[in-house]
Amino acid sequence: MSASSTRSQRPPWVVPVAILAATAVLVVLVVIVRTGGDSGTQSGADSPGQGAAAEVEQVEEPDFSFAERRDDDDLLAAGPVDAPVGLVIFSDYQCPFCASWNADTLPAMMQRAEAGELRIEWRDVNVFGEASERASRASYAAGVQGAFWEYHDVLFADGETRSEQELSDDALIDLAAELGLDTERFAQDLESEQTREQIAENARLGLELGAHSTPTFILGGQPILGAQPTEVFVDALDDALAAVE
């Protein structure tokens with residue numbers, strides 16, 4: 001049975017409830033990551049909140065793999081749709097950390113996708129505003145012409161973000177022309193209802209999962225917060241592959 005048919009058989013309340021539960025756990029994980037190293041403020045059995053923190057740390061790690069779309073028609077994806085491990089990336093085209101991760105770590109992940117080990121799905125949450133949303137629509141419009149990753153990489157060229165002026169409608173269309181795309185079609189797709197709906201859906205997924213800062217990742221069903229070093233992703237991928245063998 002395919003992943004898409006499995007999803008279609010779920011009761012309509014399953015995904016919303018799962019998202020709400022996952023959001024709560026992801027927020028807890030964010031708190032643990034951000035506060036876990038601050039252990040010198042109080043000590044001893046009477047320290048406020050110490051027992052609650054211990055209980056949280058014992059909670060079984062949640063599986064966020066339901067965020068993977070695994071759709072053959074996904075224009076913002078790389079790697080086999082049935083790859084053993086999935087990586088969902090929540091990003092923003094004005095986020096400098098997203099840009100540096102794109103330059104430093106994405107190439108290593110793309111190699112693993114090309115090897116058939118990883119499915120990569122890009123999702124923009126556009127927390128920086130309208131310019132980010134325009135860039136997301138532009139990258140999707142490029143994807144309609146089979147050039148999502150080429151356009152995406154130019155938006156993050158040299159591990160840097162572009163200014164808001166460089167993310168205007170005219171500038172984005174000019175960029176499509178530089179890549180040899182059909183600019184008339186690109187301009188239409190940039191403003192199409194289908195493009196707007198897909199970009200809004202991608203952003204909604206990320207925000208419902210608690211990805212209010214970028215970049216945020218789900219690799220093998222587990223969250224990774226921030227532009228961690230490449231080794232963190234390589235190790236996590238190797239662990240995920242070992243777990244499914």
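**Exercise 1. Find how strand β2 pairs with strand β3, and in which sense.**

Step 1. Locate the strands: β2 covers residues 85-91 and β3 covers residues 118-124. Strands are DSSP runs of E, at least two residues, and helices are runs of H or I, at least four residues, numbered from the N terminus.

Step 2. Count the bridges. Seven join β2 to β3, and the two run parallel. Strands count as paired if DSSP finds at least two bridges between them.

Step 3. Pick a pair: Phe 90 stands opposite Arg 123 in β3.

The model is predicted; local features need pLDDT of at least 70, side-chain atom pairs count only at pLDDT 80 or more, and totals for chains, interfaces and linings use all residues. Residues are numbered from 1 along each chain as its sequence is written, and side-chain values use heavy atoms, with hydrogens and water left out.

**Exercise 2. Trace the pairing from β2 to β4 and on to β5.**

Step 1. β2 and β4 pair in the antiparallel sense over four bridges. Val 88 has Ile 218 in β4 as its bridge partner.

Step 2. β4 (residues 216-219) pairs with β5 (residues 222-225), also antiparallel, over four bridges. Thr 216 faces Leu 225 in β5.

Step 3. Inspect the hairpin. Two residues lie between the strands, and Gly 220 takes a positive phi near 60 degrees.

**Exercise 3. Decide whether β2 is buried or exposed.**

Step 1. Apply the cut-offs: buried is under 20% relative accessible area, exposed over 50%, partly exposed in between (1.4 Å probe, protein chains only).

Step 2. Seven of the seven residues of β2 are buried, so the strand is largely enclosed by the rest of the structure.

Step 3. Check both sides. Val 85, Leu 87, Ile 89 and Ser 91 point one way; Gly 86, Val 88 and Phe 90 point the other.

**Exercise 4. Work out which side of helix α9 is buried, and what packs there.**

Step 1. List the buried residues of α9 (residues 183-191): Phe 186, Asp 189 and Leu 190. They cover an arc of only 105 degrees around the axis, so they sit on the same side of α9. The arc is taken from the directions from the helix axis to the C-beta atoms.

Step 2. Turn to the opposite face. Glu 184 and Gln 188 are exposed there.

Step 3. Name the packing partners of the buried residues: α6, α7, α8 and α10. Contact means heavy atoms within 4.5 Å.

Step 4. Examine Asp 189. Its relative accessible area is 15%. Beyond residues up to four places away in sequence, Asp 189 touches Ala 141, Val 144 and Thr 195.
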